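Please keep the sequence and the 3D view open while reading.

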Amino acid sequence: MTDQLKNSPLSAASVEGLGRRYRAEKRYRFIGFAAVAASLGFLAFLIIAIGFQGVGAFFKTDLRFDLDPAAVQDSGGDAFGLLRSTIRSNLEGASSRRAKRQAYGLVSSEAEEQMQALLDAAAETNTNPQVVWVSASAEVDLAVKAGIDALINAQDKDAGLTRLSDQQLRWIKTLEQNGAVRTRFNLGFLINGDSRDAERAGLGGAIMGSLFTLLICLVLSFFVGVMAAIYLEEFAPKNKWTSFLEININNLASVPSIIFGLLGLAVFLNAFGLARSSSLVGGMVLALMTLPTIIIASRVSLQAVPPSIREAALGLGATRIQAIFHHVVPLALPGMLTGAILGMARALGETAPLLMIGMVAFIADPPSSVMDPATALPVQVFLWSDSPERAFAEKTSGAILVLILFLILMNSVAILLRKKFEKKW
Amino acid sequence: MILKLVTLGLALSVTTGASYADEDQIRIVGSSTVYPFSTVVAERFGRNTPYKTPIIESTGTGGGFKLFCAGNGVNTPSVSNASRAVKSSEVALCAKNGVKDIIEVKVGYDGIVMANARNAFDYSFSTRDIFLALAEQVPGPDGALVKNTARTWKDVNSALPNTKIEVLGPPPTSGTRDAFVELAMESGCKTFPNIKALKKTDKKAYKKICHSIREDHAFIEAGENDNLIVQRLRANPDALGIFGFSFLDQNSDTVKAAKINGVQATFENISDGSYPISRPLFFYVKAAHLNKVDGLGEFVAEFVSDKATGEDGYLSERGLIPMSSDERHTLNSKVLDAVSK
């Protein structure tokens, strides 16, 4: 103990054990910091692991084949035949039945449509195309990303590191040496509908479905939720009945989401006869789920408005409804919006309630209205993770990245709103 | 409660005037094993015909029949996928709800494999080994039934290595589990003459012995996601996993299958029936929907065509094992007759 402390006017009791109390504080700070660091570490690990796996989903491989002008002339617009003859003439040794099959297996089922598009464009502009770029099949895509040389030189040939044959690997190698293999940004991953061919599967349908679902959910739950909160907070008498209601609302907020799915199945599908798998029903079910969250958040932000505001308005002769809607609600709105966005973010990540109402399904055509069958982003993750084809592992991680991006966006908007409009009293 | 009513009211007013007609799109439910095949056919069908791509939900075989048999309305599914034949109780349920005429379509076979990591031991099991390793109760040294205490594969069969028994498999709701129990466990169970004799005298007791999987940590229920099982096998070379042949086919770089009764799980062996754990796959079509749902007959025709389920069909690339061409032609001509009526 230093002299300074000894001579200080502090009582002996408070000086005693001072070092111990400082150490306790240090310990607490360290533990707190470690807790935050650990959770950040887990998050970073998740994002990095998924990022590594999923980044490939945003790129795809194309193959270039040289067209024979005579064959194009003769094809008479038959893209299928032209594609096959072009592949045969570009790859050496594609003559036996087995070899032909392997050669056709290098390109995606999309290739025929790409060839057709090229022929149509050529016919319109009256030009003679020299080359055609077509999508590679998912297996080729994976092999190119993994590195062809590594696969060709693999020690253990039987290990089946790829489902491609040696012949197919050699063809790709030759194409690569001729500069006929390119990797480009996979726009289709963001705009295509679902597909069982990994190279043409996309999130477009799921993103549209999520948007429609959230739109319905927001419209229904925000207005109902805010109105209910205003009524309960400002108008409803405080009695046993309203406290009973409050307990029930809090209860509903923590009910497992699958229960809302069952409710939706019983009420919206069976009783009302609405269309199964539609984003309308999905939005309604999720609205039921987010409603309690929004009511609770809105009530809290109404409570945070100081009573002096209400009293001043009433004192100047405003009616209660004027005081509330002209003065209290605008001040509480940022908090309400934040609550709504957080509720929406939770709704965006839900699959369980959608399972019951048939939105967990293979739906290839992207929805164009809320009545069309649709899936949602987390549903797409779930479905792809269950696919036997290897290439879907990459797509699953890619879809998770897109989902996380949407969640980050929504949560950032919530924080921005709070920062920009929040008033401190 | 009040709030719910308010929402319901809102919901009603939003949807008034919307059309619920769904007859222009086929709805399919059922087995998760048939799902990967059904979706491929559906996608091609949607792309190559003027009809919309059918919607397919993977609900499990039993769950599929529940939805399928709910009635004849156009809001019920037109097709139910199944990894086993329809049960008489399900036919009765259908009939009760007016679904009297259903058409059975067999699409091919699926093998169930017991696989482990590629760099691990090459197992060869008899179905008897599988029964002795995984059953709840096994015959003791004196023939009386005792609780299964086998800890390692060596305990089961001295020819097998001294590795802990650790099998990852599907939960009881899965059709794969049903088929595994019936085809692997039961056939191993029947190799004990006194249990086999029991089948005639006390069928219930027989079923209980042969179909009960042990509940200690030797058999681990790993959920419906077969990819997860494959990943766990890679991480744990001692473990074995039970899943469908199509997953083995797609993941042959990381896992390999054990021989069952000396037969390797290959495309050819399952196809000719020599691999013991294989089962037929089906889908069922609601005849009443044939003239109500656009494209239903055409969809069935696409599914049974040579292009899809034939020997070199596009489904064989996805791991479906086609029927022999004789069986296919007799069955399919019947199906095509039925749908074109």
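Where is the place of A:S277 in chain A? A:S277 sits in the loop between α14 (257-271) and α15 (279-303) of chain A.

This is a predicted model, in which local features need pLDDT of at least 70, side-chain atom pairs count only at pLDDT 80 or more, and totals for chains, interfaces and linings use all residues. Residues are numbered from 1 along each chain as its sequence is written, while chains are lettered from A and ligands numbered from 1 in the order in which they are written.

Most residues other than glycine have a negative phi. A:S277 is not a glycine, yet its phi is positive, at about 70°. A:N126 also has a positive phi, near 60°, and is a residue other than glycine. A:N126 is placed in the loop between α7 (111-125) and β2 (131-135) of chain A. Helices and strands here are DSSP runs, numbered from the N terminus (helices are H or I with at least four residues, strands are E with at least two).

Burial is judged by counting C-beta atoms, which are placed from the backbone: a residue is buried if 20 or more others lie within 10 Å of its own, exposed if 12 or fewer, and partly exposed in between. A:S277 counts as buried because it has 26 C-beta neighbours inside 10 Å. A:N126 has 6 C-beta neighbours inside 10 Å and so counts as exposed.

**Helix α20 of chain A**

A:I415 belongs to helix α20 of chain A. Is A:I415 buried or exposed? A:I415 is exposed, because 11 other C-beta atoms lie within 10 Å. A:I415 and A:T338 are 77 residues apart along the chain, and their C-alpha atoms are separated by 7.4 Å.

**Two helix pairs**

Two packed helices are described by the angle between their axes and the distance between the axes. Axes are lines fitted to C-alpha atoms, for helices over the stretch in contact, and angles run from 0 to 180 degrees between N-to-C directions.

| Helix pair | Axis distance | Angle |
|---|---|---|
| α3 (residues 18-54) and α20 (residues 391-421) of chain A | within 7 Å | roughly 130° |
| α7 (residues 175-189) and α9 (residues 203-211) of chain B | 8 Å | about 105° |

Angles under 35 degrees count as roughly parallel, over 145 as roughly antiparallel, 65 to 115 as roughly perpendicular and the rest as oblique. With an angle of about 105°, α7(B) is therefore roughly perpendicular to α9(B). On the α7(B) side the contact is made by B:V181, B:M185, B:E186 and B:C189, and on the α9(B) side by B:I209, B:C210 and B:H211. Two residues are in contact if their C-beta atoms, placed from the backbone, lie within 7 Å. By class, this contact has five nonpolar, one polar and one charged residues.

**Domains of chain A**

Domain bounds come from an automatic or database domain assignment. For chain A the assignment gives domain 1 (3-55), domain 2 (59-193) and domain 3 (204-421). The C-alpha centres of domain 2 and domain 3 of chain A lie 46 Å apart. Eight residues of domain 2 are in contact with nine residues of domain 3 in chain A.

**Chain B as a whole**

Chain B contains 15 helices and 13 strands. Of its 341 residues, 43% count as buried. The assignment for chain B gives domain 1 (23-110 + 279-340) and domain 2 (111-278). The centres of these two domains of chain B, taken over C-alpha atoms, are separated by 29 Å. Their contact takes 15 residues from domain 1 and 18 residues from domain 2 of chain B.

Note on methods. Nonpolar A, V, L, I, M, F, W, Y, C, P; charged D, E, K, R; others polar.
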